[in-house]
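Hi,

Here is the model I promised to pass on.

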Amino acid sequence: MASVVTAPARPGSWVQERIFLGMTFPQYLRSLWTPFNVVCTAILAVGIPVLVYRFVAGLGATTNLSQTQPWGLWIGFDMMTGIALAAGGFTIGATVEIFGLDEYHSIERPAILTGFLGYMMAVIGLIADLGKPWNMIGIFSNNGTQSVLFEVAWCVCCYTTVLLLEFAVPFFEWLGWERFYRPLKKALLGLTVLSVMFSTMHQSALGSLFIIAPGKLHPLWYSSQIFLFFFISAVIAGICMVIVESTLSHRLFSEQFEGHHVDVDKLTLGLAKAGAVVMFAYFFLKLQGVIDNHALGLIGMGFYGKWFLVEMLGFVLLPSLMFAWGARNRHVTVVRVAAILGVSGIVLNRLNVSLVAYNYHQSVRYWPSWMEVSVSLALVVIGVLAFRWIVNRMPVLRPMKSNAGEH
Amino acid sequence: MKLGRRTFLQIAGATGTAALVALPGRSRAASDVHAVGADESSVLVDTTKCIGCRGCEAACAEANKLPDPPGDDKAYAATRTTGPECFTVVNPTPKADGSTRYVKRQCMHCVEPACASACPVRALDKLATGPVAYDGSKCMGCRYCMVACPFSVPKYEYSKAIPVVRKCTFCSGRQAEGKQPACVGVCPSGALAYGTRGQLVEEARRRVYGNPDKYLPHIYGEHEAGGTNWMYVSDLSFEKLGFEVAVNDNSYPKLVRGALGVPPVVMTLWPPLLMGLWAFSHRDGKNKPHGTDHGAGKADGGNHG
């Protein structure tokens with residue numbers, strides 16, 4: 001603890017060790033000169049000025065939104081898709097803390113971090129999209145309880161706070177503030193229960209948003225039980241994202257795993273079993289929803305009928321079978337490809353519901369402007385960079401280096 | 001406990017009979033005699049009486065401080081929709097006999113408005129007197145009202161840096177002073193009738209059923225979206241006139257009631273259920289509870305002390 005308190009007085013030690021990864025400042029700057037960083041900088045150099053311009057010039061100058069298309073890429077991708085892909089935090093949290101599958105420990109913190117950053121980016125995307133974001137405060141005072149969006153707003157707000165508290169454990173460990181992270185670690189079970197509760201509500205409610213627009217969403221995607229589909233597919237998204245993210249992490253940050261072995265392949269196969277079952281159930285539940293909506297005859301008919309088949313067969317049934325086959329034959333590569341398909345399938349589903357199959361009968365269709373795309377891309381890049389910055393420093397993928405305080 | 005079989009059957013029979021007698025009577029009363037929102041102010045539009053003078057457009061623009069509507073040549077060149085600077089439009093539809101029908105469109109002011117139920121900050125709210133009112137100072141600009149409205153009425157000021165939603169106000173301010181809405185006040189042909197919804201449903205039925213050769217047997221807005229405060233009678237099908245004919249006959253806010261019932265169940269059931277699962281998975285001999293000695297921090301124990 002002493003090293004933390006005196007840190008500002010001795011920048012050469014603590015800052016150099018904890019911020020610049022043990023390098024001097026010039027060394028650190030030179031180490032940043034990589035092709036990946038150049039690409040990221042280019043995306044940010046476009047996206048961030050556009051984000052500022054949007055607040056100066058308004059939505060009309062930056063987006064292709066119209067009177068018939070009030071929601072575009074920033075809601076369809078940043079919010080709808082971002083929140084679904086960030087579901088790994090509560091999925092793995094529940095697996096470890098509640099179901100007691102301790103072997104998944106090593107991927108719990110990265111999953112929570114991915115979730116936290118995903119929600120932060122989704123909220124920034126939402127703020128960009130709102131006409132008067134400062135009036136969001138009215139959510140807490142105006143009692144709009146008849147609105148599904150009221151539920152989404154409350155739950156996203158509460159759950160982002162829970163994720164912040166969960167992430168605070170490695171953050172305070174990094175700072176060495178034991179007084180803060182000890183009690184938070186003890187509260188982790190309670191926080192996990194809250195995270196499952198809030199996630200159940202808002203992951204499903206994001207789907208319920210469309211229940212009030214039966215004439216606008218294509219009958220193959222519209223369902224009065226859409227909240228069930230959104231919740232279950234969020235669990236699928238969580239499982240698939242954790243497989244993809246842990247695979248990438250263990251390749252890109254291999255130096256983090258020195259001295260503590262994590263059998264990622266074994267965890268991946270375990271997750272694949274869960275993924276296979278949930279996706280298989282989801283496939284038939286969706287089919288049931290279509291029948292319930294009297295839309296069975298529309299499957300395969302016209303563009304939307306075929307597009308629905310692409311989503312359901314190529315991005316739900318196929319990865320489900322690949323998960324099952326891969327888990328049974330211990331073929332990790334097949335599982336990883338299936339996870340990538342699964343993640344793509346969730347992206348596809350959220351974009352289909354909010355953009356493609358929405359307004360299906362309108363003659364003039366929405367297509368995002370380059371400025372909308374640039375902001376969405378910039379938010380993804382910020383999330384990736386923040387993830388990298390944090391895992392390189394804080395005890396997320398690895399335990400806190402025990403000698404860190406001795407420098 | 002002393003309830004004999006005979007008594008039971010008597011009670012059951014009496015209750016059943018009462019229910020049979022009471023239920024149809026009550027449901028007839030609800031759907032026929034008293035229309036929903038019977039005391040709310042409403043307008044009945046008779047499209048057969050509209051002469052297409054567009055005086056309503058001009059009066060609306062003046063009352064709401066909007067730009068002047070376009071001249072006839074421009075206005076009737078193509079079908080127009082309402083917009084952020086235009087709360088009502090009159091569109092022509094040619095009839096088979098060579099004549100033209102004109103239809104005035106504006107916010108329908110639903111009895112149970114989808115937009116107001118969708119608004120999470122209650123910037124849109126249904127007034128007890130009838131109008132669906134909007135308070136821009138509360139609006140956060142989520143545009144969920146635009147997604148929810150089955151008539152695509154709310155319009156957004158995309159061109160402004162600090163935008164609000166715009167739509168017909170039903171002149172709620174004028175109505176509060178006891179005046180008619182501006183459009184109704186200037187209508188020279190009697191196409192717009194202003195009154196309570198109860199009266200106007202009666203009047204619409206009188207016209208439709210009194211002149212079956214003239215009118216189609218459909219009062220648009222009587223049941224659409226669960227009932228609207230603006231209603232229409234016509235001699236040309238509402239589909240041809242450009243109305244949203246796919247609109248549900250049920251109240252739109254009711255569609256989400258089931259989904260909104262989920263949170264209380266989840267909030268009540270999930271914590272005990274999850275704690276039960278935790279207790280089960282951490283019972284003796286299974287996993288050790290790992291509350292304090294948890295996660296990636298396992299290896300760091302005490303080193304920062």
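Residues are numbered from 1 along each chain as its sequence is written, and chains are lettered from A and ligands numbered from 1 in the order in which they are written. Helices (H or I, at least four residues) and strands (E, at least two) are DSSP runs, numbered from the N terminus.

Back to that pair. H8(A) and helix H12 (residues 226-252) of chain A pack at about 110°, axes 10 Å apart (axes are lines fitted to C-alpha atoms, for helices over the stretch in contact, and angles run from 0 to 180 degrees between N-to-C directions). H8(A) and H12(A) are therefore roughly perpendicular (65 to 115 degrees; under 35 is roughly parallel, over 145 roughly antiparallel, the rest oblique). On the H8(A) side, A:Pro110, A:Ala111 and A:Thr114 make the contact (C-beta atoms, placed from the backbone, within 7 Å).

The other pair is H7 (residues 88-98) and H11 (residues 188-208) of chain A, at about 140° with axes 9 Å apart. H7(A) and H11(A) are therefore oblique, and their crossing is left-handed. Among the residues that meet there are A:Phe90 in H7(A) and A:Leu189 in H11(A). The contact residues divide into 6 nonpolar, 5 polar and 1 charged (nonpolar: Ala, Val, Leu, Ile, Met, Phe, Trp, Tyr, Cys, Pro; charged: Asp, Glu, Lys, Arg; polar: the others, Gly among them).

Between the chains, 65 residues of chain A are in contact with 64 of chain B. H11(A) supplies the largest share of chain A's side, 9 residues. That side holds 33 nonpolar, 22 polar and 10 charged residues. The predictor gives the complex an ipTM of 0.91 and a pTM of 0.87.

Helix H1 (residues 5-33) of chain B is lowest, at a mean of 48. Over residues 16-32 of chain B the pLDDT is below 50, and beyond near neighbours in sequence that stretch has 1 contact in the model. Where pLDDT is low, the predicted coordinates should not be read in detail.

Cheers

Technical notes:
Predicted model: local features only at pLDDT ≥ 70, side-chain atom pairs only at ≥ 80, totals over all residues. Left-handed = near helix turned anticlockwise from the far one by under 90°. Contact = placed C-beta atoms within 7 Å. pLDDT = per-residue confidence, 0-100.
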